[in-house]
Amino acid sequence: MEIENRAARTLLYEEVVKDLYRLIDEEHLKAGDKLPPERELMEQLDVSRNVLREAFRVLESRGVIISHQGKGRFLRKQSHLSESTESLSRNLERCSMMEAYEVRQLLEVKGVEMIIRNATQRDIDDLESAYTALEKRFRETGKTEGEFKLHKLYAAKTGSVFMTQTLEIVLNAIFDMMYGKFSDVLEAVSGEEELESHRQIIQAIRKRDTETAGKLMYEHLQASIDSLK
């Protein structure tokens, strides 16, 4: 694998992450294979130990690699996904994304139950206002940018600091993996369908209909999960 000369530019761990992806794919590593030792990668990629370890941290957070103390770092074994024509690095991220969405689905379905139990009318008005702003942006641009912010607002309106913080971690992890890599997930559901889904969810929350709101949130996220299979 050829690595671009780094002498004239700043080292960034994001660049090393990309180099590691290339190494995984160009060396035809398989799920479960052990990555080369740190010292070998430091020499091959021409990076410091700190930068390399930060890149490893990113790949671990994305579920691409797993560390075993005293044994080294390994490409994670795939679950859920069958063989794919995609590169292994992308397929491992797709697998990790699916798992993150499954956790997100569980949390957000529970989240709407907590909103209905704890939210004030003002809280529900805030959700309605955020939805209206999202719809207005979509009518103007044709894009549903800001939809993640609405999901974070759902989390904030649960009335649980722990739920809010947990969902923030999950949503940020998904956001990091998704943009620029999994635009197909973003495009799997049309903007009109996404908006209608949120409209119905908020309507069910306003009616304090726990069963319907939970079902709607489950279905809203299931569309993205299905697109990952």
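**Reading the helices of a predicted chain**

In this predicted model, the buried residues of helix α10 are A213, G214, L216, M217, H220, L221, Q222, S224, I225 and L228.

User: Where does α10 lie, and what span does it reach from its first C-alpha to its last?

Analyst: A helix can be checked by setting its end-to-end reach against the expected one. Helix α10 covers residues 210–228, 19 residues in total. Its reach is 28 Å, close to the 27 Å expected at 1.5 Å a residue.

User: Where is the kink in α10 centred?

Analyst: A bend is read from the axes on either side of a residue. In α10 the kink is about 25° and is centred on Q222. Q222 is also one of the buried residues of this helix.

User: How do the axes of α1 and α2 cross?

Analyst: Look at the approach of the axes, then at the angle. Helix α1 (residues 13–26) and helix α2 (residues 38–45) have axes that come within 12 Å and cross at roughly 105°. Angles of 65 to 115 degrees count as roughly perpendicular, so α1 is roughly perpendicular to α2.

User: Which residues of α1 and α2 meet?

Analyst: From α1 they are V16, D19, L20 and L23; from α2 they are L41, Q44 and L45. By class, this contact has five nonpolar residues, one polar and one charged.

User: What is the secondary structure of the whole chain?

Analyst: Count the elements, then read their order. The chain has ten helices and two strands, in the pattern α-α-α-β-β-α-α-α-α-α-α-α.

User: How many of the 229 residues count as buried?

Analyst: The buried share is 41%. As for contacts between residues at least 6 apart in sequence, 67% join residues at least 24 apart.

Terms used. Residues are numbered from 1 along each chain as its sequence is written. This is a predicted model: local features need pLDDT of at least 70, side-chain atom pairs count only at pLDDT 80 or more; totals for chains, interfaces and linings use all residues. Side-chain values use heavy atoms; hydrogens and water are left out. Axes are lines fitted to C-alpha atoms, for helices over the stretch in contact, and angles run from 0 to 180 degrees between N-to-C directions. Helices (H or I, at least four residues) and strands (E, at least two) are DSSP runs, numbered from the N terminus. Angles under 35 degrees count as roughly parallel, over 145 as roughly antiparallel, 65 to 115 as roughly perpendicular and the rest as oblique. Contact means heavy atoms within 4.5 Å. Ala, Val, Leu, Ile, Met, Phe, Trp, Tyr, Cys and Pro count as nonpolar, Asp, Glu, Lys and Arg as charged, and the others, Gly among them, as polar. The expected span of a helix is 1.5 Å times one less than its number of residues. The bend at a residue is the angle between axes fitted to the seven residues ending there and the seven starting there. Buried means under 20% relative accessible area, exposed over 50%, partly exposed in between (1.4 Å probe, protein chains only).
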